[in-house]
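Here are my notes on the model, as numbered points. Please read them alongside the coordinates.

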Amino acid sequence: LGDLGDLFGDFFGGGGRRRAGPQRGSDLQFATAIDFSEAVFGVEKTLRFEKNVACSRCKGNGAEPGAKVSTCSTCVGQGQVAQVQRTILGSIRTVGVCPTCQGEGKSADKVCSRCHGRGSEAGVRELKVKVPAGIADGQTIELAGEGEPGPKGGPPGSLLLTIQVRPDKLFKRRGNDLVTTKEVSVTLAALGGTVELVTLDGAVKLKIPAGTQSGQVVTLEGRGVPILRGRGRGDLLVTMHVHTPQKLSK
């Protein structure tokens, strides 16, 4: 049946004609908790966490300073090695990253004495992260280049930061709207008037229409959650709770 390498070449890297290049580092996953109001208006957080960083001795290339760096003898600078497997259908060629140089195409005659050729070492990273206004509980922010460094100077992965929003005592979120409850007296509900209402923007005067019923909703436009990476805000929906006394005085 002949050599099937050409048939499967597109699926296995083109038969070794393309160089793989240095491997990308792994992604890191972390979670951080923020207050309800911080999720609504955005906040800048400083994260401090342990991760691998570029080796301080070899600067990430895995070679001992001053060592001779030459073309990898295993892959002859291609960064890839090909393998041929014999099957009942014929010969199938597959291509993978060179195990000697990890796709870099070159190697040093002496590896770094500090990281033993890995190009990285344990360290601590301090990072300031801007959490955008309007982010919801469970959403993830991807920070490119803040993950694990790639082997022997390869590009770093990403940091995937999951946001956990602490619940609020007064407000709940419904999409881009905020929902809260306001208790008013039966007299105020019957005759109408104004009452002070606490919002995330500060205290405001809320107009109570005459004849307000318990369960009726008053809408304050533009007092809700900012649209994530957009313009405008949702509304604040205030459910009236008319307090009826059990005993009435004369």
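**Notes on selected residues**

1. Thr32 counts as buried because its relative accessibility is 13%; buried means under 20% relative accessible area, exposed over 50%, and partly exposed in between (1.4 Å probe, protein chains only). This is a predicted model, in which local features need pLDDT of at least 70, side-chain atom pairs count only at pLDDT 80 or more, and totals for chains, interfaces and linings use all residues. Residues are numbered from 1 along each chain as its sequence is written, and side-chain values use heavy atoms, with hydrogens and water left out.

2. Strand S1 (residues 28–34) holds Thr32; helices (H or I, at least four residues) and strands (E, at least two) are DSSP runs, numbered from the N terminus. Not counting residues up to four places away in sequence, Thr32 touches Leu47, Leu161, Thr162, Ile163 and Gln164, where contact means heavy atoms within 4.5 Å.

3. Gln164 lies in strand S9 (residues 158–165). Its relative accessibility is 41%, so Gln164 counts as partly exposed. Leaving aside neighbours within four places in sequence, Gln164 contacts Ala31, Thr32, Ala33, Ile34 and Asp137. The C-alpha atoms of Gln164 and Asp35 are separated by 8.6 Å, with the two residues 129 apart along the chain.

4. Ser37 belongs to helix H2 (residues 36–41). Ser37 counts as partly exposed because its relative accessibility is 32%. The C-alpha atoms of Ser37 and Gln213, 176 residues apart along the chain, are 30 Å apart.
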